[in-house]
Amino acid sequence: MLQQFSYDLAHLIGATVLMAGFGMLYQRRLFAVLNTFAFQALALAAAAAWQAHVQNAPHLYATAAIALIFKAIAVPIALHWLVERLGIHRTVETALSIGWTMIVGVALVALAIMLVLPVTAKAAALTRESLSIAMSVVLLGMLMMITRRNAVTQVVGFMALENGLILAAVSAKGMPLVVEISIAFSVLVAMTVFGIFFFRIRERFDSLDLHFLETYRGDRQ
Amino acid sequence: MTAVVWQIVQIVLVLATAPLVTGWVRWVKARLNGRRGAPPWQPYRDFYRLLQKEAVVAHSASWIFRAAPYITFASVWLAACIVPTFTTNIFLAPAADLIALVALLAIGRFWTALAGMDVGTAFGGLGASREMMIASLAEPAMLMVTFSLSLVAGTTQPAQIVVFVLGGNVGIEVSLGLALAAMLMVAIAENGRIPIDNPATHLELTMVHEAMVLEYSGRHLAMIEAAQMVRLTLFMALIACLFAPWGMAMPGAGLPGILVGMAAFAAKLFILATALAWFETVIAKMRVFRYSDFLGGALLLGLLATIFLYVSEAV
């Protein structure tokens, strides 16, 4: 009974992370996207902490703390600052309409489930569910990167994708902490690089709309 | 026999509490906006006043215009009778299920839209067309929620779902969480609450429900408003019954059980109404062209709920 409850709660938190992924796809304003991302990271931290409690694995608390401090607080604040500095907080942008993005998102969730089900045919039903949720979060992050034109939202999509990877890692038993720390720091380094990159793009093109970069691709003419 | 008694009690109870619920929502909203607000029992006075007044009908109005308020009210009231509120032991419970409920609500909406177009004013037609657009988006979402719930519980009857959930047969399900989110979005749209429609507006460009019923007065207006209030209470009762049925009296429970059920129902209504008022205060109204995003989101949540059901059941 208690076992069942702990699995159920883990899945509910996982589903919250997934819903935040859909929330990001639904938002059009940059600040709303950033806030939803912070919420997703918060839910991820809760998922990691709950798994640490259930699996009796103290190192997962470290994962939760990393997710909370870096991804739910530091990165959103840094991105807020960046967006304000760049003066693009009023941008409303979607390459594909919201409705279509959501439909594609649901199709991706179905795809994730169809991928996970045959691979984990021998695993318990509960593992399947958490794996398919994590896989869906990864795919939604990719979708976010594909459908958005703005560089900031693309970075958020990248980090949402990475949230999905961590979600998969904490749901499966026994991922060593070294891996997680390296992932967390690489994200932080990536953040810094992206930050510099944003300023460079804007200096060069006066915009963060990646549409302008496309004329520099060789294959159009 | 007791089932008939409790059914009659419920029919009266729903009608009697509906104005209070709406009045409470208005009062809390006024308070949150920094106004004093009319007391929560103001809607009862409004009804008394409206029933005293003469009903003015436009020259161009046909019998549809006169019949619509009564048909709308009757269908919504009947729908409110089949949702268990304080006990599952009601006479009509086996007769109607969630799909019938959706159909009854659709009848009410259809007649309101007809009446809106009947007089031939521009606003009526505009409101009717918008209402039908919202309905065509909200109804599939509501049916999707119904399907995922009935897949969990194995039945589409609200009373049976309550028995199933209270029996401890279901834990915290991801699907139920998704279905609840979808249901809340549908309820907001169906009742014309703020992100979709503003119940207090008289600004021509934004009104939907108000535009359709603009021509009504006197007892007709009282009927229309009563239907609107009963519909709000009905949706609150439905959400409470499907997703939080705790405290509801089972068949065979005596008078103490019924009283507990009524107290629990009052508490649930209080929480939902207060939450609605708070939500309406903090959120801004949506553009008409974004309705499809919002309600499409509800439909997709319902779809996801069904998809996850198949994963967790491991079919």
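## Helices and overall make-up

Helices here are DSSP runs of H or I with at least four residues, strands are DSSP runs of E with at least two, and both are numbered from the N terminus. By that count, chain A has seven helices and zero strands, and its elements run α-α-α-α-α-α-α from the N terminus on. This is a predicted model, in which local features need pLDDT of at least 70 and side-chain atom pairs count only at pLDDT 80 or more, while totals for chains, interfaces and linings use all residues. Residues are numbered from 1 along each chain as its sequence is written, and chains are lettered from A and ligands numbered from 1 in the order in which they are written.

A residue is buried if 20 or more other C-beta atoms lie within 10 Å of its own, exposed if 12 or fewer do, and partly exposed in between, with C-beta atoms placed from the backbone. Of the 221 residues in chain A, 40% are buried. Two residues are in contact if their C-beta atoms, placed from the backbone, lie within 7 Å. Among chain A contacts between residues at least 6 apart in sequence, 70% join residues at least 24 apart.

## Where the two chains meet

The contact between the chains draws 16 residues from chain B and 19 residues from chain A. On the chain B side, α7 (174–190) and α11 (291–313) each supply at least two residues, and α11(B) gives the largest share, 10 residues. The chain B side divides into nine nonpolar, six polar and one charged. (Nonpolar covers Ala, Val, Leu, Ile, Met, Phe, Trp, Tyr, Cys and Pro; charged covers Asp, Glu, Lys and Arg; the others, Gly among them, are polar.)

Helix α11 of chain B is also the place of Thr306(B). This residue is partly exposed because 18 other C-beta atoms lie within 10 Å. Leaving aside residues up to four places away in sequence, Thr306(B) touches Met144(B), Phe147(B), Ser148(B) and Leu151(B). Val57(B) is 249 residues from Thr306(B) in sequence and 47 Å from it in space, C-alpha to C-alpha.

## Two helix pairs in chain B

Axes are lines fitted to C-alpha atoms, for helices over the stretch in contact, and angles between N-to-C directions run from 0 to 180 degrees. Angles under 35 degrees count as roughly parallel, over 145 as roughly antiparallel, 65 to 115 as roughly perpendicular and the rest as oblique. Helix α3 (residues 63–82) and helix α4 (residues 98–118) of chain B pack at about 160 degrees, their axes 8 Å apart, so α3(B) is roughly antiparallel to α4(B). Residues that meet here include Ile64(B) and Phe65(B) from α3(B), and Leu101(B) and Trp111(B) from α4(B). This contact holds 15 nonpolar, four polar and one charged.

Helix α1 (residues 2–32) and helix α9 (residues 218–243) of chain B pack at about 95 degrees, with their axes 8 Å apart, which means that α1(B) is roughly perpendicular to α9(B). Among the residues that meet are Val14(B) and Pro19(B) in α1(B), and Met229(B) and Met236(B) in α9(B). Here the classes are nine nonpolar, three polar and no charged residues.

An unreviewed UniProt entry places the feature "transmembrane region" at several spans of chain B, including residues 229–249 and 255–279. UniProt positions follow the numbering used here, feature names are shortened, and annotations may be inferred rather than shown by experiment. In the model, residues 229–249 of chain B are 71% helix and 0% strand, with end C-alpha atoms 25 Å apart. Residues 255–279 of chain B are 100% helix and 0% strand, and their end C-alpha atoms lie 36 Å apart.
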